[in-house]
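Subject: Structure handover

Hi,

Here is the structure I promised to pass on. My notes on salt bridges and the nonpolar core follow below it.

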Amino acid sequence: MKITESKLVFHNGDCHYKKVRWKVQAPTSVIAKKFNCFDYFMRGNTHFIVSRQWFELLGDSDQFTITYTFGTHTAKHIFCKFCGITSFYTPWSNLDGIAVTLICLDIGTFSHVEIQNFDGKNWENFYNQNGIALQSKIHSTK
């Protein structure tokens, strides 16, 4: 997520069944990434990353989640046990951050959303060249 001059607000998010609910503090204007790698493409995952401290799982949502890992088992893909939606997860690129799935957010709290394509098929090259690892480390000047 590229933090722009827009102010930080709370955005609400949830899964399809609304059993997994959360809120995230983020700007009203964001840049989300759309992946072309197999896993993300199949799930239609378009997301932006925030610092973990800006994310809060609400109520008893934790009891409705299950975690999936693969490969290096570094990324933590969080699914709703009932509907299977990944509304957020811990990305490999930002272990101190949370990637929130754009479609799972109440879009009415955004003033602008830009979607950029992300070359996940060539992950190592893209990761080293685009600065994605900094996304969870950006701090706002409220």
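Partly exposed here means a relative accessible area between the buried limit, under 20%, and the exposed one, over 50%. K23 has a relative accessible area of 24%, so K23 counts as partly exposed. E56 is also placed in that class, because its relative accessibility is 39%. Please keep in mind that this is a predicted model.

Salt bridges

Those two residues are partners. The side chains of E56 and K23 form a salt bridge, at 3.7 Å from N to O. This pair ties together distant parts of the chain. E56 sits in strand β5 (residues 55–57), K23 in strand β2 (residues 21–27), and 33 residues separate them. How many salt bridges does the structure hold? Two. The other joins the side chains of K18 and D14, with an N to O distance of 3.4 Å.

Nonpolar core

The largest nonpolar core has 22 residues. Which of them touch the most other members? W22, F48, F88, V100 and L105 do. At least two residues come from each of β2, β3 (29–35), β4 (46–51), β7 (76–80) and β9 (97–101). The top contributor is β2, with three residues.

V100 deserves a look in the viewer. Leaving aside residues up to four places away in sequence, V100 touches W22, V24, T46, H47, F48, F55, S87, F88 and L105.

Best wishes

Methods. Residues numbered from 1 in each chain as written. Predicted model: local features only at pLDDT ≥ 70, side-chain atom pairs only at ≥ 80, totals over all residues. Heavy atoms only, no water. Salt bridge = Lys/Arg side-chain N within 4 Å of Asp/Glu carboxyl O. Helix = DSSP H or I, 4+ residues; strand = E, 2+ residues; numbered from the N terminus. Buried < 20%, exposed > 50% of the residue type's maximum accessible area, 1.4 Å probe, protein only. Core = buried A, V, L, I, M, F, W, Y, C linked by side-chain atoms within 4.5 Å. Contact = heavy atoms within 4.5 Å.
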